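Here is a briefing on one protein chain.

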Amino acid sequence: MIVGAGGVRPCNLAFGVDQFNPKTESGKRGIDSFFNWYFFTFTFAQMVSLTLIVYIQSNVSWAIGLGIPAALMLIACVVYFVGSKIYVKVKASGSPLTSVAQVIVVAMKKRKLKPVDQPWLTLFMYIPPKSINSKLPYTDQFRFLDKAAIITPQDQINPDGSPADPWRLCSMQQVEEVKCLFRVLPIWASQIMYCVALVQLHTYAVFQAVQSDRRLGNSEFKIPAASYVVFMMLSLTFFIPIYDRVVVPFLRRIRGKQGGITMLQRIGIGIFLSIITMLVSGIVEEHRRTIALTKPTLGDAPRKGAISSMSASLLIPQFTLGGLSEAFASVGLIEFYYKQFPENMKSIGGSLFYCGLAGSSYFSSLLILVVHRTTEGAATGNWLSEDLNKGRLDYFYYMISGLGVLNLGYFLLCSRWYKYKGNRDTLELELQLEVNGEKKMQSDKTLV
């Protein structure tokens, strides 16, 4: 299962976007919408599996419940192979990680060289004829990597313009591709802390539901505690079509940008909403705990504690905010990784998102361990006691919201420093004028 998901999830994003022509207006809009609808479909499928499939497994038959997903995957495979002849298929052009390693190794070998003047003109330039990557302009960030493209007397160049030894000389194009990777990593680090808030909605928020009144109206039917996560998915699936069909066109007319707002602005809004989500979660938990300790309870939850008479419906706002946060930040991050990586690293960009999710789970476990050991002997007691009424889960939520504020500040600093991936074709006129001495080179920030 892990091997299959690891192969499908990062690659189907890149494969899906390859079906659009990025050189046309309709293709650009199609790419922007694809990320929204991909996440919509992905979340809708999760919602069906958590409700319908789980119901069949629990009340009908485990064999049928497990057979339905297997049959659907078989149908998906058949549809994929039947339509394989009409798909746009970008041929692999070798391992992109080899090029990354070459730039780092050569830059280390040439670390004692002095930086060159006008690097956009003097660094070694070569692009393989069959390269699928767009030509990148020079940027003045991570300038220590520029030394990998400095030509020395010992370097030899083949008649076709390629370096004789790629482990001794790299092109400026290769260097800029590695810079693209390095620029994304600080933004990726902020994703880890952002996703910690989402992790709590799948764990401790469910424990809140366990010790709340989950009865539906005046009936005795109880909504399963784990099913409250569906409200998070519902808010995401409802909002994404509205965002794609209403919000984006409106912002596009006002601001004149293809996506309405920039990718980093979209991610920043999502991170801000995650902070609000944790604050609301803390307020609701404080209210739930107070009612459990001061008013009659509804019995005891197995291996937990007293069930608060607070309606579990009060948990819906925090799940709704979590879904809206994902609609902005998670979709924005996937789009950001795809568009900011070189073309031959698109699948790596897709895998980076899932690596961030995994990292957030590990970091959340570390936070829980630290809180357990720190508060175990405190006067307030263990914040994360198995019985939430004896703990202070609200303090834990407030702590995560505080860390979220720090993370948002860090993200804003990275966003201010970040330079979006450019295209050298848009700079040919400026470079030609520079060669002719008719104007001086503008700053890279202005050009890019």
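E285 is buried in this predicted model, with a relative accessible area of 0%. R288 is also at 0% relative accessibility and counts as buried. The two form a salt bridge, their closest N and O atoms 2.9 Å apart.

**Salt bridges**

- The count comes to 10 salt bridges.
- E285 and R288 sit three residues apart in helix α9 (residues 263-294), so about one helical turn separates them.
- K110 pairs with D155, and the closest N and O atoms are 2.9 Å apart.
- K110 lies in the loop between α4 (96-109) and α5 (119-122), while D155 lies in the loop between α5 and α6 (172-202), so this bridge ties together parts 45 residues apart in sequence.
- Both K110 and D155 are buried.
- K421 forms a salt bridge with E343, with 3.9 Å between the closest N and O atoms.
- K421 belongs to the loop between α12 and α13 (428-435), and E343 to the loop between α10 (316-340) and α11 (346-375), so the pair links parts that are 78 residues apart in sequence.
- E343 is partly exposed, at 27% relative accessibility.

**Confidence**

- The mean pLDDT of the protein chain is 86, and 94% of the residues score at least 70.
- Among the elements, helix α12 (residues 393-417) has the highest mean pLDDT, 96.
- Helix α14 (residues 444-447) has the lowest, 36.
- The pLDDT is below 50 over residues 426-448. Beyond near neighbours in sequence, this stretch has 28 contacts in the model.
- Where pLDDT is low, the predicted coordinates should not be read in detail.

**Cavities**

- There are three cavities of 30 Å³ or more.
- The second largest cavity has a volume of about 50 Å³.
- Which helices each supply at least two residues of the lining of the second largest cavity? They are α6, α9 and α12.
- α12 gives the most to this lining, with four residues.
- The residues that line the second largest cavity are M193, Y194, A197, S274, I275, M278, I400, S401, G404 and N407.
- By class, the lining of the second largest cavity has six nonpolar residues, four polar and no charged.

Terms used:
Residues numbered from 1 in each chain as written. Predicted model: local features only at pLDDT ≥ 70, side-chain atom pairs only at ≥ 80, totals over all residues. Heavy atoms only, no water. pLDDT = per-residue confidence, 0-100. Contact = heavy atoms within 4.5 Å. Salt bridge = Lys/Arg side-chain N within 4 Å of Asp/Glu carboxyl O. Buried < 20%, exposed > 50% of the residue type's maximum accessible area, 1.4 Å probe, protein only. 1 Å grid on protein atoms, 1.4 Å probe; cavity = no way out; pocket = protein on both sides within 12 Å on 5 of 7 lines; lining within 4 Å. Points joined across faces, edges and corners; volume = space filled by probe spheres on them. Nonpolar A, V, L, I, M, F, W, Y, C, P; charged D, E, K, R; others polar.
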